[in-house]
Amino acid sequence: MNRPLALHLVVIAALAAAFFVLPDYHSGNLARIMVLAVYAMGYNLAFGYTGLLSLGHALFFAAGMYGLALSMQHLSLTAIPALMVALIASALVAGITGALALRTRGVAFMIVTLMFAQAGYLTALYFVQYTRGDEGFVLPQAVRQIAGVDLSSAMGRYFAALILFSVTLLIIGALVRAPFGRTLIAIRENEARATMLGYDVQRRKWLALVASGTISGMAGAAYALLFGYAGASFAAVPYSIFPLLYVLLGGAGTTLGPLVGAVFMFYLIDLSSGVTDAYMLVAGVVLVLLTLFLPQGLLGTLRKRWVPWLP
Amino acid sequence: MDFGPHLMLAMLEGAVTAAILALTAMGLSVVFGVMRVVNVAHGEFYMLGAVIAWFVASTLGTHPAVGFVAALVIAPLLVGALAALIDITVLQRIGYDPERTIVATIGLLYILQQGTLMTFGPDARPVAPPFNTRLALPFVEWGENGLALYWPWGLSITSYKLFVTAAAAVILIALWLFMTRTRAGLIMRATQQDSAMARAFGIPVAKVYALVFGLGAALAAMGAVLVVPIQQAHYLMGGDPLLLSFIVVIIGGLGSLPGTVIAALLIGMSDGVISVFFSPTLAKILATLAVAMVLVFRPQGLLGKKPQ
């Protein structure tokens, strides 16, 4: 067994054990962090591996969230079919917006994704009679279950989040070591050369963005299912910034960076919101300090300096 | 009101929006034109301008006109100085790398916005306009004796709003004269065209960048001081101007100054007209999608030139 896979399995085992060791409050937080880390892992596939700096991933997160929550609320679907709807919705949204946005590059790509996400957020506000806008709506406890497992209980929620996290981590771990993932990194490093070598760069970027958006959408669906709430604030700009923040902090282009970044930021914001209402101040300071002093993030720096095999 | 007077009212309100927008977007456009960076924190400089105007006006506490004039001088200076400082301490150190600049300015956006929340508080606060008489406006109708003027109920504008549009025009003309007729403007344009060559000719490019970044922020602050007697100062007020400025700068062609003014008029007027007749949310959805499509299919903007 190779070292990266072993490391991933150790992390998963440690997270499973953490539920029985940590106090209730922290294991509840950790369930939320794992879902957010899945979101950030999806983001990392586009930004960290392919070099596509999107400022609009909240669109995909919200597509999954609303795909699940609206179909459960208004079409009375059960959890599994609703998850399928969420999967299709986020893949479709990522496919369409990706095909348009990828005609641009660099700064224009960032602005186009930002604008698409803003249009998505405003759309959620516009259809207020279904989405209830910023206020959002609650999914009743009775429907939040899969095969008899109550996902609103502490244990059901934690292990559902862990399963989603583990599956995503193992898939991404395998993907970025496979030839497809290698070409994504090649595109990030030198797009002109990748084109010259004969790769269909445009199609691979699109596939990466669709995969990234779909994973982000699954995180959004899981968030609604596990925590029982869907609202337009999850489609707003801060939710596009959070995965960028997690990935930059943990280390772009590392498999475990999103988790590390999510843990750090979650607790940083959690601690500071006890002190002040202006908790986003912390996010701002961290972003500026990261760009100034630690552009490769925690695990990126670790890999560069000491642990070259770090996945 | 009939359709005609209603439309005229919408266009007058739209002209005020367009005037403020032209100033704010011009700040963003100047910065992009000369430095080739996108400043996501631009809306927060606007917000700071409004908040400082409130502080100045409420500290002086004399006649509203005194406070207003003082704010119109002090707010742009303070905001410009802060922006120049940010340029030197942050943007210069990351070498104006386009993507890292956007990430850093997103960070600055939250720092400025949340810092204001902590000091200024979550309330919206008004600034009294220096003068504010209501002017009823006539409209023509086809009466018994041919065309005749009449005064429809509700068709009016305040003298202050007329002043805002005039003031914005004066500031923009002054900016244009500065860019085209002065030595400092010449240096800025030289830096814009070829910063390496400008450096070779002994132009202190780093200083020019700091000043341009300060100038861009000061323009946003001026727009905010003008708007704050109409809209109140609030720590979240930077979001909409940022979005609209982006739209204007992109439609007008990134870095093209005449394009920015024309696009500001177009967007400001249509925003005023559309939000009178349609839901403002729907108007915003259409506007954001339109911008995205312009960037996708015509990245040089509607009026920008194709890169050589």
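Visitor: In which hand does α3(A) pass α10(A), right or left?

Guide: The crossing of α3(A) over α10(A) is right-handed. Bear in mind that this is a predicted model.

Visitor: What angle do α3 and α10 of chain A make, and how far apart are their axes?

Guide: The angle is about 45°, and the axes are 6 Å apart. Helix α3 covers residues 58–74 of chain A, and helix α10 covers 201–227. Angles of 65 to 115 degrees would be roughly perpendicular and those under 35 roughly parallel. The pair α3(A) and α10(A) is therefore oblique.

Visitor: Which residues make that contact?

Guide: From α3(A) come Phe60(A), Phe61(A), Gly64(A), Met65(A), Leu68(A), Ala69(A) and Met72(A). The α10(A) side includes Gly213(A), Ser216(A), Gly217(A), Gly220(A) and Tyr223(A).

Visitor: How does the contact of α3(A) with α10(A) divide into nonpolar, polar and charged?

Guide: There are 11 nonpolar residues, 5 polar and no charged. Gly counts as polar here.

Visitor: Switching to chain B. How many helices and strands are there?

Guide: Chain B has 11 helices and 4 strands.

Visitor: How does the radius of gyration of chain B sit against the globule rule?

Guide: The radius is 20 Å, close to the 19 Å that the rule gives for 308 residues. So chain B is as compact as a globular protein of that length. Its C-alpha trace spans about 75 × 50 × 40 Å along the principal axes.

Visitor: What share of chain B is buried?

Guide: Buried residues are 51% of the 308.

Visitor: And of the contacts in chain B between residues at least 6 apart in sequence, what share joins residues at least 24 apart?

Guide: That share is 75%.

Visitor: Back to helix pairs. What is the angle between α3 and α4 in chain B?

Guide: It is about 135°, with the axes 12 Å apart. Here α3 is residues 64–91 of chain B and α4 is 98–119. Only angles over 145 would count as roughly antiparallel, so α3(B) and α4(B) are oblique to each other. Their crossing is right-handed.

Visitor: Which residues meet there?

Guide: Leu82(B), Ile86(B), Val90(B) and Leu91(B) of α3(B) meet Thr101(B), Ala104(B), Thr105(B), Leu108(B) and Leu112(B) of α4(B). By class that is 7 nonpolar, 2 polar and no charged.

Visitor: Take Leu82(B). Setting aside neighbours within four places in sequence, what is it in contact with?

Guide: Leu82(B) contacts Phe45(B), Leu48(B) and Leu112(B). Phe45(B) is 37 residues away in sequence, and the C-alpha atoms are 9.0 Å apart.

Visitor: Does Leu82(B) count as buried or partly exposed?

Guide: Partly exposed, at 29% relative accessibility. Buried would need under 20%.

Visitor: What about the phi of Arg132(A)?

Guide: Arg132(A) also has a positive phi, about 55°, and is not a glycine. The loop between α6 and β1 of chain A holds Arg132(A).

Visitor: How accessible is Arg132(A), and what does that count as?

Guide: The relative accessible area of Arg132(A) is 43%, so it is partly exposed.

Notes: Residues numbered from 1 in each chain as written. Chains lettered and ligands numbered in written order. Predicted model: local features only at pLDDT ≥ 70, side-chain atom pairs only at ≥ 80, totals over all residues. Heavy atoms only, no water. Axes fitted to C-alpha atoms, helices over the stretch in contact; angles between N-to-C directions. Helix = DSSP H or I, 4+ residues; strand = E, 2+ residues; numbered from the N terminus. Left-handed = near helix turned anticlockwise from the far one by under 90°. Contact = heavy atoms within 4.5 Å. Rg over C-alpha atoms; globule rule 2.2 N^0.38 Å. Buried < 20%, exposed > 50% of the residue type's maximum accessible area, 1.4 Å probe, protein only.
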